[in-house]
Amino acid sequence: MSVDGLPRGACPDDAPADEPSGPAVTVALLGSTGSIGTQAVEVVGAVPGRFEVVALAAGGRDPALLLEQARTLRPSLVVVGDPAAASAVGAGLPKGCELAVGPEGLAVAAERADVVLNAVVGFAGLPATLAALRAGRRLALANKQSLVAGGPVVQQVWDGSGAEVVPVDSEHCALHQCLRAGRPAEVAKLVLTASGGPFRGRSAAELADVGPADALAHPTWQMGPQNTVDSSTLMNKGLEVIEAHQLFGVPYDHIEVVVHPQSVIHSMVEFCDGSTMAQLSRPDMRLPIGYALGYPARLPRPFGPIDWRDLRRLDFELPDRQVFRCLALAEQAGRAGGVAPAWLVAANEVAVAAFLAGRLPWLGIAEVVESCLERCEPGNPQSVEEIVEADRQARGEAERVVAARERAA
């Protein structure tokens, strides 16, 4: 969508910011047992009466946590992605709570709430994104892969749906806030900041033997394994460049990435007169979660406020694209368009899984992705089925590349 679609102005002034006005906003938390989902539960609990969780959804890997959330929040619907875990979850649900299974359940959950937080990991979040948009809901989007991989189809559904998308990624949430400071025609550049991950400053030779434990030791953020490894390769930043283009309609030539190791400035917008607006806070994902759930009002409970007595410096540097090749590969896929971003997401997910399983070296992640993109014919997808087929083909190709590397080792 274009930045023209972004609502403008400050928080509503017809009600005090620290008091809920009218009935509670209903919320569906999809991916509730993951990192974003559990922090969203904290945000909901921090502002009593503001939100009512009416649906929870999780893959089923942690049924005990899902049941704990259900008993605490008392939603009317719980969705389990894994059919094998459904019976165990269903037996422990509180009275009056309906159980649904699989992608169809995600669609039902998305239609029940005013706000749908999509924190499902990876490409699996696409059905939930589309369901929320079709239902005209506010989509609090923490699943960048669904927008990146399904971009052409997502845009078709989004256009004219009446739905609004408020990004939960800290960088895109920052851009969303900064863009409220000017008109679309005044935007000159979007600047996405990157922490640099755990390997910032290292050479390719120094990264030849790093393992999963090294890649998962992020210096500033606590995230799930996929996102943390993506941060170490800068693939996450490449996906965010594509996401920024899709969300705000800004051309790729006007989207930049800078490394900012303190992770205090979460992104910036440069305007045509040379002014740059930046959003600053301590690293705390509860801030963008709360912003997306409460938009356009801000929540009265602060998350990540800065203690200016402790903030000594803000450093910036350009990313090393020769070592962190996934950034350039993602930008290449974004510019190619069509199903290329879907191939990018799928190949990267397979490569990261292989790395975490000890089947692929860290440097091999970019090599697998590059090999797959060389075999991709972007095309012009018009349906979800075409995106799903592209995902299937890319995963198959990535698995073949990983297996071939294993045989050659």
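Predicted model: local features only at pLDDT ≥ 70, side-chain atom pairs only at ≥ 80, totals over all residues.

Trainee: Which residues does the UniProt annotation "binding site" cover?

Mentor: According to the unreviewed UniProt entry, the annotation "binding site" covers D169, E171 and E240. Although these residues are spread over 72 residues of sequence, they cluster in space, with a largest C-alpha distance of 8.5 Å.

Trainee: Is E240 buried or exposed?

Mentor: Burial is read from relative accessible area, and under 20% counts as buried. E240, at 2% relative accessibility, is therefore buried. This residue is found in helix α11. E171 lies in helix α8, residues 170-178, and is also counted as buried, at 9% relative accessibility.

Trainee: What surrounds E240 and E171?

Mentor: Leaving aside neighbours within four places in sequence, E240 is in contact with K144, D169, E171, H172 and L192. With sequence neighbours left aside in the same way, E171 is in contact with L192, T193, K237, E240, H266 and S267.

Trainee: How should I read the crossing of helix α10 and helix α14?

Mentor: An angle of 65 to 115 degrees between axes counts as roughly perpendicular. The axes of α10 (residues 225-233) and α14 (residues 340-356) cross at roughly 95° and come within 10 Å. The two helices are therefore roughly perpendicular to each other. On the α10 side, P225, Q226, V229 and D230 take part; they meet N348, E349, V352, F355 and L356 of α14. By class, this contact has 5 nonpolar, 2 polar and 2 charged residues.

Trainee: Which residues does Q145 touch?

Mentor: Not counting residues up to four places away in sequence, Q145 touches G122, F123, G150, N227, D230, L239, V345 and E349. Q145 lies in helix α6, residues 144-149, and is buried, with a relative accessible area of 5%.

Trainee: Where does R137 lie, and which backbone oxygen atoms does its side chain reach?

Mentor: R137 lies in the loop between α5 (126-134) and β6 (138-141). Its side chain reaches the backbone oxygen of E111 at 2.5 Å and the backbone oxygen of A113 at 2.8 Å. R137 is partly exposed, with a relative accessible area of 24%. Beyond neighbours within four places in sequence, the contacts of R137 include A110, D114, V116 and A163.

Trainee: What should I look for in the backbone itself?

Mentor: Most residues other than glycine have a negative phi, and most peptide bonds are trans. Here, L234 has a positive phi of about 70° although it is not a glycine. L234 lies in the loop between α10 and α11 (235-248), and it is buried, with a relative accessible area of 4%. S263, another residue other than glycine, has a positive phi near 55°. S263 lies in the loop between β9 (255-259) and β10 (265-271), and at 4% relative accessibility S263 counts as buried.

Trainee: Which residues does a cis peptide bond join?

Mentor: A cis peptide bond joins Y295 and P296, with omega about 10°. P296 lies in the loop between α12 (286-294) and α13 (325-336).

Definitions and conventions:
Residues numbered from 1 in each chain as written. Heavy atoms only, no water. Axes fitted to C-alpha atoms, helices over the stretch in contact; angles between N-to-C directions. Helix = DSSP H or I, 4+ residues; strand = E, 2+ residues; numbered from the N terminus. Parallel < 35°, antiparallel > 145°, perpendicular 65-115°, else oblique. Contact = heavy atoms within 4.5 Å. Nonpolar A, V, L, I, M, F, W, Y, C, P; charged D, E, K, R; others polar. Buried < 20%, exposed > 50% of the residue type's maximum accessible area, 1.4 Å probe, protein only. Polar contact = N/O pair within 3.5 Å; in protein donor to acceptor, adjacent residues only side chain to side chain. UniProt positions renumbered as here; feature names shortened; annotations may be inferred.
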